[in-house]
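Here's a quick briefing to read alongside the model.

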Amino acid sequence: MSQPLAGRLEKAASAADVRKAVASALREHWDTDRAKAARKLESGADGVTVARLYSAAADEMLTALWHFTAGVLYPAPNPTEAERLSLIAVGGYGRGVLAPFSDLDLLFLRPWKSSPRTEQVIEFMLYVLWDLGVKVGQAARSVDECLALAKTDMTVRTTLLEARPLAGDAALSEDFIARFQAQVTKADPRAFIAAKLEERDVRHQKAGAVRYRVEPNVKDGKGGLRDLNTLFWIARSLAPDSPLGERVLDDLLTPRERRSFEEAFDFLWRARAHMHLIAGRAEEKLTFDLQPEVARRMGWRGRGDEPAVERFMRRYFLVARDVGGLTRALSAKLEGRHQKPTMSLSRLIPGRKRKLGVEGFVEASGRLSVTGPEVFAEAPEKLLILFRTADQHDLDLHPDAFSAVTRSLSLVTPSLRRDPEATRAFLDILAHGQRPYRVLTLMNETGLLGRFLPEWGRIVGQTQFNMYHAYTVDEHTLQAIGIINDLWRGKLANEHPVAVEIVHRIDDFEALMLAMLLHDVGKGGDRGQLEDGAIAARRACDRLGLDSRRVEFVVWLVRNHLALSDYAQKRDVSDPATVRAFADLVGDPERLRTLLILTVADIRAVGPGVWNSWKGRLMRDLYQRTEAVFRGEDVVRTDPRDEFPDLAVRAAKTGAAAESVADWLGDAGQRAGASTRVAIAALDRPGLFADLASTLAAAGADIVGARVATAEDGMALDVFDLQDGVGAPYGRDEPRRLTRLISALEQAAKGGTPRKPAPARPNPRRATFDVRPVALIDLEESPDAAVIEVSGADRPGLLADLARVLADHGLSIRSAHIAGFGERAVDSFYVTDGDGAKPDAGEALETVRAALEGVLDRRAAPGGSVSAPVRASQRDVTEIGRRRPRATAVSQTPEAR
């Protein structure tokens, strides 16, 4: 204890409020020590060093509090046996590492039952710690209680494995630790190891079972610090007397694996410490609003079009992958020593073996392994054949085989990438395997997939800094491949009946799966995602030995993999011109079928809740109408007035009329994601659509689609498809809301003052994204209307504001198509002039475009983000206009990222 602190505590003993005086003295000293640790972090010190500094600061504060409480406030110069007491750090704090706002895990150890003095000491210390705002995990137990609990409760055993005496009766704590270590040494370690691994699995499920979620939990997520701690705990259980389990880790891990362990530990601790300091609390989830600032503080800089935050997050996910590899390596060694319990049928039947038919491959403990790394040295193509064999026999990969593959990656040469046997094995896994998601994920985690397919290697761990995508690019793609496999096997028949039927009519399934695997490899490229993706896909397919016809098919799919989604969500599918334009782009039914399957899988794999029945309906309608064109049938415009024949009659009598059609089942009886259709009939006037949109926004309705029709007598019919804030049909769960909405819409349609939506609440996550406003005007898409597409930061009331601009400039909305992509809104309008004719190109439309961008550029209320806004990495606009030659000048299309 420092002399100044000792002096202040000595004075505190005579203060009127002793507890308050003690807390004040300790807070000042503790804050000073913590500030020193923070400055060390900011100067670039490694993460473990900083964590030890925070732990040391806590040590000094606690020992000072102990000496004051037990030596000054409640002294016992000659304590009785019952008055003996020790203060012991346990858990992560016992290991001597702390994040800035970590809990302090403490054990108050006594020889046997409690005494009045020990209760007074414990009570005073805890109250002071709570006054300091410290979160304390504490227990007060006797030696025998601790030993008894540690035998049966693996959580207690875990915390005690890292017990470190801080203050008090040294003989008591040393005797306890010696007895505990002897007890652990005698115990069978398998039960403890099994409990830790099961605990890890449960934790992963809670934090997100996928390692590559773009907002990872640094502490508890898959590949996070807790996984490394689990390795520590297992090592300590095997050698409880070894400091930090060093002896066991040195024995179980190779020098390269130890370096990987230490580098991962340091990186994750640095990130976690920065997260705590930026948030000002124990924040363990690396959310979007934290990511740019953590990247900046850790020294990351942008490179080319890749911002610093994406480079930092890619590094994070590569570290998470390394942590997974370390867990596998440790598991292999433990199984070799029979220290890890095994659970599979084949392991319960001694001597059961299956002939796998490949020299050098064996089934070991119910998993696929190899006789040694020389298997690959003698025949490198077996690197690929290994994974095909695992899929054929439905075997997981043994950790020994996993390690052998990672050590043999140098054997993947240009000649192996063109080897017919290797490429055949790869295509079999991808397109003909039983479980391609699982097997390709294993290949990805060993590093083989990126080494064999260099185009893939460039997207491993790549993130996209936006709120739309939930996973890294490689994980998103692998999940999409798994979804196609599920469609093929009929597992998604209820959600996607059309796709499940169509997938079996695809002639070239390998081309589909290759296109799915390669569809995003162009992300981050200089020429844009689609063009760079097409170039990379051609290179990969040529190397894999595909004939020229199939190469062109895959390249076309990659270049156009967004086309169906763009046309369905951002264009008027009821317009015959739109359908014919899409049919001209696609060209034939086989491309149409393949593109539909690819699109469904791509959107579903973006993240939970992204796919819904509304999107499914739009795409199904476009598919069926395009298919009709290929059959030689005419497609005609659907008139929304046919759906509501009596509404105009009612409106003529009352001035306006509204009604709802509740489509609350959606595709194949699925409730989730359908919409509520609301129609309003009223005499047309400038600003009618904007007033209705404002009323809808004020009622909390999300507009997912809108169409407008106006009769010769001036009666307008506006039809909106609505959902609530969670993607459910508006009013399904609260019918009264729908009733109130119908009344409000009728009042607004009659000219009443429309309600305005409440200002958006500050949202730190959204405020982190800098969304560039873009407005495009296309005069070629439709023969009788101009198509205006806008893209910008989403906010309540945006659609109403955009519609107001169009009305103010004398434009009438014929249909509106609304799409949301995380933080970005993309809305398209088919508009005519006051006479119902298509507007002409010129200065007037450019004025409209500038006014729309002005609305899009309005900043919402400050969101309180801790990071400076970063450009969101997502396409700003559709690619539809680029897919055809242009004869008429339209707004310049910005280069999409």
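A salt bridge here is a side-chain nitrogen of Lys or Arg within 4 Å of a carboxyl oxygen of Asp or Glu. By that rule the count comes to 58. Keep in mind that this is a predicted model, where local features need pLDDT of at least 70, side-chain atom pairs count only at pLDDT 80 or more, and totals for chains, interfaces and linings use all residues. Residues are numbered from 1 along each chain as its sequence is written, and side-chain values use heavy atoms, with hydrogens and water left out.

**Salt bridges**

- Arg 110 pairs up with Glu 145, with the closest N and O atoms 3.6 Å apart.
- That pair ties together distant parts of the chain, 35 residues apart: Arg 110 sits in strand β2 (residues 104-110) and Glu 145 in helix α6 (residues 143-152). Helices (H or I, at least four residues) and strands (E, at least two) are DSSP runs, numbered from the N terminus.
- Arg 110 is buried at 12% relative accessible area, while Glu 145 is partly exposed at 36%. The cut-offs: buried means under 20% relative accessible area, exposed over 50%, and partly exposed in between (1.4 Å probe, protein chains only).
- Arg 258 and Asp 250 make another salt bridge, their closest N and O atoms being 2.4 Å apart. Arg 258 is buried at 10%, and Asp 250 is partly exposed at 48%.
- Within helix α38 (residues 843-856), Arg 849 and Glu 853 lie four residues apart, about one turn of the helix, and their side chains meet in a salt bridge at 3.2 Å, N to O.
- There's also a salt-bridge network linking Arg 388, Arg 424, Asp 428, Asp 508, Glu 510 and Arg 550.

**Nonpolar cores**

- A nonpolar core is a set of buried Ala, Val, Leu, Ile, Met, Phe, Trp, Tyr and Cys residues joined through side-chain atoms within 4.5 Å.
- The largest one has 106 residues, and Leu 386, Phe 387, Phe 426, Leu 518 and Val 554 touch the most other members. Helix α26 (residues 509-518) supplies the largest share of this core, nine residues.
- Apart from this core lies another, of 53 residues, including Leu 231 and Phe 267.

**Strand pairing**

- Strands pair if DSSP finds at least two bridges between them.
- Strand β9 (residues 702-710) runs antiparallel to β10 (residues 715-723), joined by eight bridges. Two bridges join β9 to β14 (residues 812-821), also antiparallel.
- Ala 706 stands opposite Phe 720 in β10, and its bridge partner in β14 is Ala 816.
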